[in-house]
Amino acid sequence: MSARRSPRPDWVIQRRVALGHRIADLRRQAELSQEQLAHLAGMERRSIQRYENAQRDPQFSDLLLIAHALRVPAADLLSR
């Protein structure tokens, strides 16, 4: 995989942070731990942690799995 030639714009980083907060908020509303959400989504807990902390961009399929595990439409993860 090639390295990114330029840093991501600030607005992209801000949206990634907002996405992480939204995942964490919905997870807490569902009364799930990161470990429980990861299990339900078929993912590693560390992945959930990285998404919630805006350390990583989730792949589209990961967003679908997280939304399914949280029982919300995928669009709800991206809206505020």
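A polar contact here is a pair of N or O atoms within 3.5 Å, one able to donate a hydrogen and the other to accept it. Keep that in mind for the first stop. The model is predicted.

**Stop 1: Asp-62.** Select Asp-62 in helix α4, residues 60–70. Its side chain makes a polar contact with the side chain of Tyr-51, at 2.6 Å. Now show its surroundings. Beyond its neighbours within four places in sequence, Asp-62 is in contact with Met-43 and Tyr-51.

**Stop 2: Asp-57 and Arg-16.** The structure holds five salt bridges. For one of them, select Asp-57 and Arg-16, whose closest N and O atoms are 3.3 Å apart. Asp-57 sits in the loop between α3 (45–52) and α4, and Arg-16 in helix α1 (residues 10–29), so the pair ties together parts 41 residues apart in sequence. Asp-57 is partly exposed at 36% relative accessibility; Arg-16 is buried at 18%. Arg-8, Arg-16 and Asp-57 are linked in a network of salt bridges.

**Stop 3: Arg-28 and Asp-25.** Stay on helix α1, where these two are three residues apart, about one helical turn. Arg-28 is exposed at 52% relative accessibility, while Asp-25 is partly exposed at 27%.

**Stop 4: Arg-45 and Glu-35.** Finish with this salt bridge, its closest N and O atoms 4.0 Å apart. The pair links distant parts of the chain: Arg-45 is in helix α3 and Glu-35 in helix α2 (residues 34–41), ten residues apart.

Methods
Residues numbered from 1 in each chain as written. Predicted model: local features only at pLDDT ≥ 70, side-chain atom pairs only at ≥ 80, totals over all residues. Heavy atoms only, no water. Helix = DSSP H or I, 4+ residues; strand = E, 2+ residues; numbered from the N terminus. Contact = heavy atoms within 4.5 Å. Salt bridge = Lys/Arg side-chain N within 4 Å of Asp/Glu carboxyl O. Buried < 20%, exposed > 50% of the residue type's maximum accessible area, 1.4 Å probe, protein only.
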